[in-house]
Amino acid sequence: DADGCGDGREVASINADNTVNSTDLREIAIAFGPSTTTRYIADFDMDKNGNINSTDLQFAAAHFGPCP
């Protein structure tokens, strides 16, 4: 999309500030659980498997930091 920020980091930046930090990781952790729970947020399910879990947190953590 030509904005200079890698798509992985854009996806992992939950609050859309193009920086993945503890705020984003905290929000993902709060939403932990299957899609049947009220706290499930589809955008936080990085691998779209219907469950927010450690895999989703690991994806976000792997993109930790600001866009260049």
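Reader: Which residues of helix α2 (residues 22-30) are buried?

Author: This model is predicted, and residues are numbered from 1 along each chain as its sequence is written. Helices (H or I, at least four residues) and strands (E, at least two) are DSSP runs, numbered from the N terminus. Buried means under 20% relative accessible area, exposed over 50%, and partly exposed in between (1.4 Å probe, protein chains only). In α2, the buried residues are Asp24, Leu25 and Ile28.

Reader: Within what arc do the buried residues of α2 fall?

Author: Look down the axis of α2, taking directions from the helix axis to the C-beta atoms. The buried residues line one face of the helix, because they fall within an arc of 95°.

Reader: What covers the buried residues of α2?

Author: Contact here means heavy atoms within 4.5 Å. Both helices and strands take part in the cover, which includes α1, β1, β3 and α3.

Reader: Which backbone nitrogen does the side chain of asparagine 21 reach at the start of α2?

Author: A polar contact is a pair of N or O atoms within 3.5 Å; within protein, one must be able to donate a hydrogen and the other to accept it, and residues adjacent in sequence count only if both atoms are side-chain atoms. A side-chain oxygen of asparagine 21 comes within 3.0 Å of the backbone nitrogen of threonine 23.

Reader: Is asparagine 53 buried or exposed?

Author: Asparagine 53 sits in the loop between β3 (51-52) and α3 (54-62). A polar atom of its side chain lies 3.0 Å from the backbone nitrogen of threonine 55. Its relative accessibility is 17%, so asparagine 53 counts as buried.

Reader: How far apart in space are asparagine 51 and serine 35, C-alpha to C-alpha?

Author: Asparagine 51 is in strand β3. At 26% relative accessibility, it counts as partly exposed. In sequence, asparagine 51 and serine 35 are 16 residues apart. In space, C-alpha to C-alpha, the separation is 5.8 Å.

Reader: Where is alanine 16, a residue with positive phi?

Author: Phi of alanine 16 is near 60°, a positive value in a residue other than glycine. Alanine 16 is exposed, because its relative accessible area is 62%. Its place is the loop between α1 (7-12) and β1 (19-20).

Reader: What pattern does the protein follow along the sequence?

Author: The protein has three helices and four strands. Read in order, they give α-β-α-β-β-α-β.

Reader: What mean confidence does β3 have?

Author: pLDDT is the predictor's confidence in each residue, from 0 to 100. Local features need pLDDT of at least 70, side-chain atom pairs count only at pLDDT 80 or more, and totals for chains, interfaces and linings use all residues; side-chain values use heavy atoms, leaving out hydrogens and water. The protein averages 89. Confidence is lowest in α1, at a mean of 79, and highest in β3, at 98.
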